[in-house]
Amino acid sequence: MVGDRLIFIGDVHGHYEGLCRLLDVVAPTVGDRLYFLGDLVDRGPNSAAVVELLRQQRYFTVRGNHEDMMLLAFADKHLNPSRFFVWASSGGDDTLASYTSTELLWEHIHWLETNPLYYDLGNVFLVHAGLDPMLPLADQTNRECCWIRDLFLSHPTPYFAGKTIVVGHTITFTFRGVQPGQLVRGNGWIDIDTGAYHHRSGWLTALDWSRQWVWQMNVLHGGVRQGGLEEFVVDVATVGCSKSEFWLFWRRSPCPPCSVRLQKPENLRPRQILERSTAPSKPIVLPIQPLVIILQAYKLALVKPRTMTMPLPMPHL
């Protein structure tokens with residue numbers, strides 16, 4: 001019966017209105033437990049409202065790689081310029097623009113810091129990106145839980161025996177032969193990130209694990225659909241590819257609204273981004289509006305990278 005369901009929701013990416021419509025369809029009650037798989041923020045129009053909704057409703061969420069970038073950019077309530085621009089070029093500009101209050105931004109950053117990297121719920125394990133198959137669980141850090149991709153997805157044996165790992169992070173249609181909106185199931189894992197922010201999809205997914213039921217809301221055209229899990233899921237063994245073509249896909253066909261953001265500095269992969277120089281820089285404390293101006297200038301610089309002879313300097317404010 002409705003009231004004791006275990007419901008998982010994929011990457012929202014700032015689509016507050018779409019999330020609200022999805023929740024209207026799911027209609028959670030007091031006894032239901034809702035878990036989000038991270039990437040609440042960036043690329044969508046209202047990340048601040050998404051975070052505030054989860055905070056007020058006390059829904060559970062794991063940290064995604066976009067929250068990880070955001071927290072690194074504002075570590076210790078100071079701006080780290082190099083990490084800030086990495087976050088900005090990955091959709092952080094939209095997140096920052098959704099805040100009208102500096103106080104609310106810091107409250108959300110503090111709340112995001114309290115969210116764990118994973119939840120172990122017995123027969124199901126929730127993590128944003130996956131786990132390193134070569135490391136014990138105690139050694140998994142944000143580098144693995146928030147950023148890993150092919151090493152986890154293509155591993156031939158499940159990480160856990162008798163336990164399914166539910167992930168987001170990798171858009172399902174980047175797997176060869178998978179259509180937008182379909183879920184993907186591999187060796188001991190299932191991926192429910194159906195690319196809500198992307199123009200090829202728009203589908204935001206909720207999975208009732210208790211009853212193996214799926215709801216989807218399209219944030220682009222408002223369509224709604226639902227059905228049993230088996231109607232939506234594709235096994236990687238069936239399509240003959242257990243490895244996502246995520247990076248190849250973005251190089252080949254970037255999303256027009258996000259094409260600038262996908263040109264990460266020096267074309268670094270996520271793991272490489274985290275391994276960038278961590279030389280200490282002087283903390284900079286800035287109000288929101290100047291940060292938005294900086295982001296706009298930075299995006300213009302990325303549009304024509306060949307005209308730049310040096311990194312965009314930080315203005316003196």
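## A cavity and its lining

The model is predicted: local features need pLDDT of at least 70 and side-chain atom pairs count only at pLDDT 80 or more, while totals for chains, interfaces and linings use all residues. Residues are numbered from 1 along each chain as its sequence is written, and side-chain values use heavy atoms, with hydrogens and water left out.

The lining consists of Leu131, Pro133, Phe152, His155, Thr157, Pro158, Tyr159, Ile165, Asn187, Gly188 and Trp189. The volume of this second largest cavity is about 60 Å³, and a search of the whole structure finds two cavities of 30 Å³ or more. A cavity is a set of points on a 1 Å grid over the protein atoms alone where a 1.4 Å probe fits but cannot get out; lining residues have an atom within 4 Å of a point. Grid points are joined across faces, edges and corners, and a volume is the space filled by probe spheres set on the points.

## The open sheet

Six strands in the order β4-β5-β6-β8-β7-β12 form an open sheet with mixed pairing. At its edges are β4 (118-120) and β12 (233-235), each of which pairs on one side only. From one strand to the next, the twist averages 20 degrees, with axes fitted as lines to C-alpha atoms and angles running from 0 to 180 degrees between N-to-C directions. Strands (E, at least two residues) and helices (H or I, at least four) are DSSP runs numbered from the N terminus, and two strands pair if DSSP finds at least two bridges between them.

Within this sheet, β5 (residues 124-127) and β6 (residues 164-167) pair in the parallel sense over three bridges. Leucine 126 has valine 166 in β6 as its bridge partner.

Five of the six residues of β10 (residues 213-218) are buried, meaning under 20% relative accessible area, whereas exposed means over 50% and partly exposed lies in between (1.4 Å probe, protein chains only). Strand β10 pairs with β9 (residues 203-208) in the antiparallel sense over six bridges, and tryptophan 213 in β10 is the bridge partner of aspartate 208. Strand β10 also pairs with β11 (residues 224-228), again antiparallel, over five bridges. There, tryptophan 215 is bridged to glutamine 226 in β11.

The hairpin of β9 and β10 has four residues between the strands, and that of β10 and β11 has five. In the latter, glycine 222 takes a positive phi near 80 degrees.

Most residues other than glycine have a negative phi. Glutamine 212, in the loop between β9 and β10, has a positive phi of about 55 degrees although it is not a glycine. Its relative accessible area is 31%, so glutamine 212 is partly exposed.

Histidine 13 also has a positive phi, near 50 degrees. Histidine 13 lies in the loop between β1 (6-9) and α1 (16-26) and is buried, with a relative accessible area of 3%.

## Cysteines

The structure holds zero disulfides, a disulfide being a pair of cysteine sulfur atoms within 2.5 Å. Cysteine 146 is buried at 0% relative accessible area. The closest cysteine sulfur to that of cysteine 146 is in cysteine 145, 6.4 Å away and therefore too far for a bond. Cysteine 20 counts as partly exposed because its relative accessibility is 21%.

Key
1 Å grid on protein atoms, 1.4 Å probe; cavity = no way out; pocket = protein on both sides within 12 Å on 5 of 7 lines; lining within 4 Å.
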